[in-house]
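The report below goes through a few selected places in turn.

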Amino acid sequence: MVNQLTLGNGVLPAESIAQLMEAGVITGGDRARLQPASLDLTLGARAWRVRASFLPSRARTVKARIDDGLAMQAIDLSDGAVFERGCVYLVELNERLALPPTVEGAANPKSSTGRIDVFVRLVTDYGAAFDEIPAGYNGPLYAEISPRTFSILARQGSSLNQLRLKVGDCLLDDRALAALHKETPLVDGAADIMDGLGLSVALTAEDGMIGWRARRHSALIDIDKVGALDPNDFFEPITQPSSGFIILDPDEFYILASKEALAIPPDYAAEMTPISPGLGEFRVHYAGFFDPGFGWSADGTNGSRGVLEVRSHDAPFVLEDGQLVARLVYERMAERPQNLYGAAVKSNYQGQGLKLSKHFRSA
């Protein structure tokens, strides 16, 4: 049945992913977890607390690496378990892949996962890189989970990361990206296009509120409970600085927003790429996937801010209003999804400005 599937070049939409599930290419997946251009992956019952983050390398399976002595404790997630901040865990996912030789995959944390500073990366057997699934991969999937600021409660069936599949080279180069912006504006202003679409940080706001800084030693966050928490118990607000800049403290976690309002047209998907060391000593945005339709509307009233999950590295770092902090790369869809982000699909962050994860009540 797999050979009978016709998959176009590009990022596969939900409808094609559903076909792959029906064909047995993806097993253990839940169709209710389909997004316009991705599938939410879910935690299985088996997990391990491990001594350190690891890659199995091209010579080993993940199980062989665990059996080498990296596992400290086996954990049953059937009734839920606490993932403590500062620790590293490995969880076997419910989903398994048997990809055709033309289909490759990538994974990223979900937006809600990144916004609570939980570091999640996909691991595969014989994997030499995180979050990358080579074409033709046949085997299980695992999630490495490392809460950085808040301890979390998760259980079998919880979802922390998502899978995107694609066929062929679908990345837009700068020339194609500039042409797309001219046809359908990707930001509400001039586009900074060089190796992708540049995003800058907003440190000014009409209401004076420009961000959040995480509090230490906060309570537990239940991954599956929406709108249950008071944001002030977990974050302190950051007001607009009179100086025009803020200083990021090492190992502190910040939620900020992009100055640009973004749009992802229906025939494209986007991903925020890892920051270049040349842009500064900080990391932005753990969650990288932007679905078709994010910030887009047919009448041209585009605009959803990119929420920036920011963490400084080893030294304090000055961040100025309008400073370049990240880049988005755009890819062609193999087909336009039937349901776009923010339309028929339940979307927590469409039209967002500065917004915390879905776990918090509106501030």
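Which residue in E18 is the bridge partner of Ala214? The partner is Phe235. Before going further, note that this is a predicted model, in which local features need pLDDT of at least 70 and side-chain atom pairs count only at pLDDT 80 or more, whereas totals for chains, interfaces and linings use all residues. Residues are numbered from 1 along each chain as its sequence is written, and side-chain values use heavy atoms, with hydrogens and water left out.

Helices (H or I, at least four residues) and strands (E, at least two) are DSSP runs, numbered from the N terminus, and two strands pair if DSSP finds at least two bridges between them.

| Strand paired with E16 (residues 209-214) | Sense | Bridges |
|---|---|---|
| E18 (residues 235-239) | antiparallel | five |
| E20 (residues 253-262) | antiparallel | two |

On the E20 side, Arg213 has Tyr254 as its bridge partner. Five of the six residues of E16 are buried, where buried means under 20% relative accessible area, exposed over 50%, and partly exposed in between, with a 1.4 Å probe and protein chains only.

**Thr113 in helix H3**

Thr113, which lies in helix H3 (residues 111-114), has a relative accessible area of 3% and is therefore buried. Leaving aside residues up to four places away in sequence, Thr113 touches Val118, Val120, Ser159 and Leu160, a contact being heavy atoms within 4.5 Å. His359 is 246 residues away from Thr113 along the chain, and the C-alpha atoms of the two are separated by 9.9 Å.

**Helix H1**

In helix H1 (residues 14-22), the buried residues are Ala14, Ser16, Ile17, Ala18, Leu20 and Met21. Their cover includes strand E2 (26-27), strand E3 (34-35), strand E4 (38-40) and strand E14 (161-167). After H1 comes Gly24, with a positive phi near 85°.

**Phe245 in strand E19**

Phe245 is found in strand E19 (residues 245-248), and its relative accessibility is 33%, so Phe245 counts as partly exposed.
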